[in-house]
Amino acid sequence: MGQTDAELLLHMLLFHTTVLAELEEERETVPLKLLLIDSPYGNSPDNEDAADVTDFLLELPEILESYHLIVAMADSNLTGRDKLVESYALEPVEKHI
């Protein structure tokens, strides 16, 4: 059985987070530190994978402290959304258009 889309997403996020955390240690990196994650809950992950994605997203602000993190999601009825509110300022995009 192959990996699910959510598991591949988690591997990708882990890889990129590790690279960014290593770059954060360097003194001569670019001053703008931004990480944009688009649709981390795309392709309808099952409840277990969605919970893993949520847990990972909750850890990111602590791992990448000096980064501005933007997570874009289409589904405002996301399971576990209440947990994300603790670490992210969730706002509808219409507010910024």
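## Leu 58

Leu 58 counts as buried because its relative accessibility is 17%; buried means under 20% relative accessible area, exposed over 50%, and partly exposed in between, with a 1.4 Å probe and protein chains only. This is a predicted model, in which local features need pLDDT of at least 70, side-chain atom pairs count only at pLDDT 80 or more, and totals for chains, interfaces and linings use all residues. Residues are numbered from 1 along each chain as its sequence is written, and side-chain values use heavy atoms, with hydrogens and water left out.

Leu 58 lies in helix H2. Not counting residues up to four places away in sequence, Leu 58 touches Lys 83, Leu 84 and Ser 87, where contact means heavy atoms within 4.5 Å. Leu 58 and Lys 83 are 25 residues apart along the chain, and their C-alpha atoms are separated by 7.8 Å.

## Asp 49

Helix H2, residues 47-63, also holds Asp 49.

Leaving aside neighbours within four places in sequence, Asp 49 is in contact with Thr 4, Ala 6 and Glu 7.

## The whole chain

The chain has three helices and two strands, in the order α-β-α-β-α from the N terminus. Helices (H or I, at least four residues) and strands (E, at least two) are DSSP runs, numbered from the N terminus. Of the 97 residues, 28% count as buried.
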